[in-house]
Amino acid sequence: RMRYRFLDLRRESLQANLIARHRAVLAARNYLGGNIEEGGLGFIEIETPYLTKATPEGARDYLVPSRVHPGRFYALPQSPQIYKQLLMVAGMDRYFQITRCFRDEDLRVDRQPEFTQVDLEMSFVGREMVMSVAEGLVRAMFKAGAGVEVGDVEVIDYKDAMSRFGVDAPDMRFGMELVELSDVDAVKASDFPPLKNALTSKGGVVKGMVIKGKAKSSSRKVTDAYTAFVKDYGLGGILFGKVDEDGKVSGPLSKMSDDPEAVAAFAKSALGAEPDDLLIVAAGAPRHVNPGLGRLRVKIAKESGLITPNSFAFCWVINFPLFEWDPDAQRYNAVHHPFTAPIPEHRALLDDPEKLGDITAAAYDIVCNGFELGGGSCRIHDAATQQQALTILGISPDEQTAKFGFLLDALSLGAPPHAGLALGLDRVAMLMVGAESLREVIAFPKTTSASDLMAGAPSVVPKEVLDELYIQVRSDVGEQPTK
């Protein structure tokens, strides 16, 4: 299909997808850029550069060599983040742009190396105003593109999302929520090694969930497949339990106590288990337990038909941590990006190295059906705080000047409080039309190996072209340039 994409695009389904995407884009432009008297918001659409400077934003940059500046490279933007902040400094207090972004990262069904964002930024606003504008934008796009009326959008705390769903982009179209078990007496009193080892290790947790009516139909082959699935997220295994007609629990979970009655009582009181329920419990570090169970929850729901077709469940997730500790690198990383502000009441915690992991970000993500549609934050708008945040992230003063000097200069000359958000247009379109992959809503997408099979890109280029750019391909890597 990708090799002959121009023929593939003749399919009615793909043409319908592209038409729906077009309508959504048109609705976005009318909603944001329309005249206020006509129901628009009066935003100004401003383009920002594609050939720019490499900055650390979480993924690898695509680099473009400069012929006129030998040995120097442009970077294609991962987002217009810094430029839109500079526009706020410049006094353009309502900016938007439908723009291409580029990230060199591993691909999946909801990720492409080049993608499109509906990007916006506003001055003199807080979180609630941006969320209100973005929610209206999503309503307009879904109505125009798919005829869907978006209902109320629930707002949930990041910690609540992680506790209930194991992930920060929860799929709320079905129940089967995770249950915190670490503080349950029966778990704390258990000598069963998987549980005891987790609770005696620093920060270890025990969590579980119930798959209603699936005990009898879940064969060893099924549970082994679940175990293999969660190992991709760092979990060593799962404790399964099957509830029989008398409420007794069999399987590995039954070993948590020598008293079968106690295990049955635990299953009923802590997990709400009933006959023929399948119990799933995981123990270990939160960074393994949460995504392992959270992703398994969605997998089981899809396989079991628990999700109503063509349904949508939206939510906002707020109060993310500002920093997260990387145990491998032994340093903090920004959960969103280095320019996100802490909530005002946590500003002083930046001065306390012991409290950095406790700082809450003034950030917000909008989620639909388990996919992050977009995210944003209030930005740091003074140079001193921005330098402090960069220092916490391990960026030296010299590196700050080299990479972000122009932003720091702008902030030092007076910047208004500002905030913004970016929606992933490709993901919005994918969900609107019910597609399984971004490739179904992009005219000429890349494969999972970041290749364009139709055009033959990336390709080998003539040696004289590389010579003009002062580039030499190593003889032991890849294909050699043509003569």
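Residues are numbered from 1 along each chain as its sequence is written, and side-chain values use heavy atoms, with hydrogens and water left out. Because the model is predicted, local features need pLDDT of at least 70 and side-chain atom pairs count only at pLDDT 80 or more, whereas totals for chains, interfaces and linings use all residues.

The protein chain contains 14 helices and 17 strands; helices (H or I, at least four residues) and strands (E, at least two) are DSSP runs, numbered from the N terminus. Its radius of gyration is 25 Å, close to the 23 Å that the globule rule gives for 483 residues, so the chain is as compact as a globular protein of that length. The radius is taken over C-alpha atoms, and the globule rule is 2.2 Å times the number of residues to the power 0.38. Along the principal axes, the C-alpha atoms fill a box of roughly 75 × 60 × 60 Å.

Of the 483 residues in the protein chain, 47% are buried. Buried denotes under 20% relative accessible area, exposed over 50%, and partly exposed in between (1.4 Å probe, protein chains only). The chain exposes about 23,900 Å², of which carbon and sulfur atoms supply 52%; accessible areas come from the Shrake-Rupley method with a 1.4 Å probe, and for residues only the protein chains shown count as cover. Among contacts (heavy atoms within 4.5 Å) with a separation of 6 or more, 67% are between residues 24 or more positions apart. The mean positions of the 54 positive and 65 negative charges are 5 Å apart. Lys and Arg count as positive and Asp and Glu as negative, while His and the chain ends are not counted; the place of a charge is NZ of Lys, CZ of Arg, CG of Asp or CD of Glu.

The structure holds 12 aromatic pairs. Rings of Phe, Tyr and Trp (its six-membered ring) pair if their centres lie within 6.5 Å; planes under 30 degrees apart count as stacked, over 60 as edge-to-face and the rest as tilted. One of the pairs, Phe 142 with Phe 312, is edge-to-face, at 5.5 Å centre to centre and 80 degrees between the planes. Phe 142 lies in helix α4 (residues 127-146) and Phe 312 in the loop between α10 (286-303) and β12 (314-318), so this pair ties together parts that are 170 residues apart in sequence. Phe 142 is buried at 0% relative accessibility, whereas Phe 312 is partly exposed at 25%. Tyr 226 and Phe 240 form a tilted pair, with 6.4 Å between centres and 35 degrees between the planes. This pair links Tyr 226 in helix α8 (residues 220-231) to Phe 240 in strand β9 (residues 239-243), 14 residues apart. Tyr 226 and Phe 240 are both buried. Ring pairs also link Phe 142, Phe 312 and Phe 314 into a cluster.

Strand β9 also contains Gly 241, which is buried with a relative accessible area of 0%. Apart from neighbours within four places in sequence, Gly 241 is in contact with Val 249, Ser 250, Leu 253, Asp 277, Leu 278 and Leu 279. Gly 241 and Lys 446 are 205 residues apart in sequence, and their C-alpha atoms are 43 Å apart in space.

Helix α4 also includes Ala 144, which is partly exposed at 33% relative accessibility. With neighbours within four places in sequence left aside, Ala 144 is in contact with Arg 23 and Ala 27. Ala 144 and Phe 371 are 227 residues apart in sequence and 20 Å apart from C-alpha to C-alpha.

Helix α13 (residues 425-433) is mostly covered, with 8 of its 9 residues buried. The buried residues include Leu 425, Asp 426, Arg 427 and Val 428. Gly 434 follows α13 and has a positive phi near 75 degrees.

Most residues other than glycine have a negative phi, and most peptide bonds are trans. Asp 276, not a glycine, has a positive phi of about 75 degrees and is found in the loop between α9 (260-271) and β11 (278-284). Asn 319 has a positive phi near 60 degrees; its place is in the loop between β12 and β13 (323-326). Asn 319 is partly exposed, with a relative accessible area of 23%. The peptide bond from Ala 457 to Pro 458 is cis, with omega near 0 degrees, and Pro 458 is in the loop between α13 and α14 (463-468).
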